[in-house]
Amino acid sequence: MNNNAIVNGTDSPGSVSGDKRDLLALLKLIKKYNLKQTEELLCQEANIRSEELEDLDDKEISSLLTSALGDSQENNAPGSTTHTGTDNDPELYDTAYGELRNFVDESLDIYKHELFMVLYPILVQIYFKLVSNGYAKQARDFVEKYGPDLDYYYREDLQNLLLITKRSDLENNDFVTAMETDKFIIRMSRDAHSLFKRHIQDRKQELIADIVAKYLHFDTYEGTARSKAQCDATAGSLIGEARRQDNKIRVYYGLLKEVDFQSLTTPAPTAVEEEDDNDPDAPDKPKKKKPKKDPLFSKKSKSDPNAPAMDRIPLPELKDADKLEKLKALREASKRVSLNKDSLPCVCLYTILNSHHSVTCAEISEDSYMMAVGFTDSSIKVWSLTPAKLREMKTAEHLKDIDKDAEDVLVRMMDDRTGEAARTFYGHSGPVYRCAFAPEKNMLLSCSEDTTIRLWSLHTWTCIVVFKGHLFPIWDVRFSPHGYYFASCSYDKTARLWATDSNQPLRIFTGHLSDVDCVQFHPNSNYIASGSSDRTIRLWDVLNGQLVRLMTGHKGSIYALAFSICGRYLASGSSDHTVLIYDLSHGQLVTSLVRHTGSIHTMCFSRDGTILAIGGLDCYLTLWDFSKLVEDYIAQNSNASHNPEINEGDTYLLRAFPTKSTPFLTLHFTRRNLLLAVGTFKS
């Protein structure tokens, strides 16, 4: 009798029992994957005819399967209540988010600002879920309804969010990957976090609770909740904020001990002289005078307790020519002009005409003798900034006749007849995005859209090596202050460490969630800083490739980085028109310098570390009193753990220089503290 009821019930899908409809859905799925033996066995055992499968359409099957899977998962969870496929209803998400929004608005002012930070990541995850379930229109309406309530620095992200309209758009999307791979980090006081958890439990907001458990991480702390300004200071990146645990590792930010140049300048006494001085048979013989010590080198450099060991990473040994160059640099430094608020540097601006859309980068050598400019046509042009010409090395036949032991052997190797005011390199097959001179002044690095890095000789004026490894355009390349090593960064979301004698990278630094736009070596060569379009700055240890600092606060892509002369502070410039100063000792934000109205693409510290020069695309050059900034920062008693008071940066602005119509490409302080700038004239 029961069998007849089942058979008769197949005349209309609505009269089929729930269990049998589940079996029909399962059979249809088995048939889809052509599992014939399994299908026959199941039909026999369940007494189902093949004609009955035609009564169910694909939509009904998918909804039945979703419901079945949802029921099984919910029932397996401890303490869970039964749910159906209606969890994907857009109205449920709208109601849940609306209740959360009202809860934040009605919270006490002391907690409101921290609680407000949970809204953005939850809104984004709800949008992803609605699009994934096929509710593109409802997802758009949801963002347009609640998006305007969020902070201004999320507007660009929300515009990019609305471009995702299909489930296929969610695949291989950087923004989606960033939001779903790594949990969004929110730093919150324990009291505010308790309020948030209590609200979710009391209202039984299981949809919100599920999103919070999967995609949010709360870095809680004991103490008073942060103010709106303190929350905004470190917010804005794709990952939220940095966890305190990310900045616990010790960083050796001190400078390496310099070579004892006194031994280089004073010749060692000969054996004959030593014997004469100690001759007992000639006591009345006048003693020879010892050569006077050069006062420039008589001061011994003190060892910095925060400096890394000299042998922490292998550094190249100084050649005789390098030692002579360092002596020359020290002598020039003795004539350096001391800068302060009453004695600002003179500025010399090199303007490149008729090339606004063709020049991509510019760089000046450490000794200020040469300037290299990269172009969109893949060429690189090197100019001499002094009356001295750019000469080429003599041929092999002529080099045989040179005395190798001569003090001026390097000068003799160059052919005076080949001297030119400028020289051009050809070799790249795409726009050149960055050039970098070697500290020894004998080589030049360049990186390009063609995914390669080229090393050029400034003696033979030819390409020596082509470094391949990046898979996409390379945005930046920088030499180590000690030479030999160099760093690069690319659209492929990685930064890499190389050596000039190896065609493979020594380290690959991964972790950024978007392309890495800029890199910079620390003055002691033990660390590399990288800035990314994911709006974070990361500090990497060259020794082991470990991430030792993660710093947030920018609201746009980061295009410029500069370490202070002492090595403790890092300045970063961004497309959000601001420059942020960080203390590397614990990764803390010191202050924000706001004056420019365009992206910041270049920064430079004076040689004595007292002035910070910033050049923007707004055609303005600004000078800031960095020594006063550091003095105030050290003097203030701030809590570095979770809610430091951020200094107002406007008080440190010393001078702003406008140009007529020339955005800045690069800034460079000479050894005597003259500020050189390079820009292109916008006609």
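How many residues does helix 7 have, and what distance does it reach from its first C-alpha to its last? In this predicted model, helix 7 covers residues 119–132, a run of 14 residues. Its first and last C-alpha atoms lie 20 Å apart, close to the 20 Å expected at 1.5 Å a residue.

The surroundings of helix 7 can be described as well. Of its 14 residues, 13 are buried, so helix 7 is largely enclosed by the rest of the structure. After helix 7 comes Gly 134, which has a positive phi near 90°.

The protein chain as a whole contains 20 helices and 32 strands. Its overall values are collected below.

| Property of the protein chain | Value |
|---|---|
| Buried share of the 683 residues | 47% |
| Share of contacts with a separation of 6 or more that join residues 24 or more positions apart | 60% |

One feature of the surface is a nonpolar patch of about 430 Å². The residues that make this patch are Leu 23, Leu 26, Leu 29, Tyr 33 and Leu 35. Leu 35 sits in the loop that links helix 2 (18–32) to helix 3 (36–46). Why does Leu 35 count as partly exposed? The relative accessible area of Leu 35 is 42%, and the partly exposed class lies between the buried limit of under 20% and the exposed limit of over 50%; Leu 35 is therefore partly exposed.

Conventions: Residues numbered from 1 in each chain as written. Predicted model: local features only at pLDDT ≥ 70, side-chain atom pairs only at ≥ 80, totals over all residues. Heavy atoms only, no water. Helix = DSSP H or I, 4+ residues; strand = E, 2+ residues; numbered from the N terminus. Buried < 20%, exposed > 50% of the residue type's maximum accessible area, 1.4 Å probe, protein only. Contact = heavy atoms within 4.5 Å. Patch = residues over 30% accessible without salt bridge, like charges linked within 9 Å, V, L, I, M, F, W, Y side chains within 5 Å. Areas by Shrake-Rupley, 256 points an atom, 1.4 Å probe, with all protein chains shown as cover. Salt bridge = Lys/Arg side-chain N within 4 Å of Asp/Glu carboxyl O. Expected span 1.5 Å × (residues − 1).
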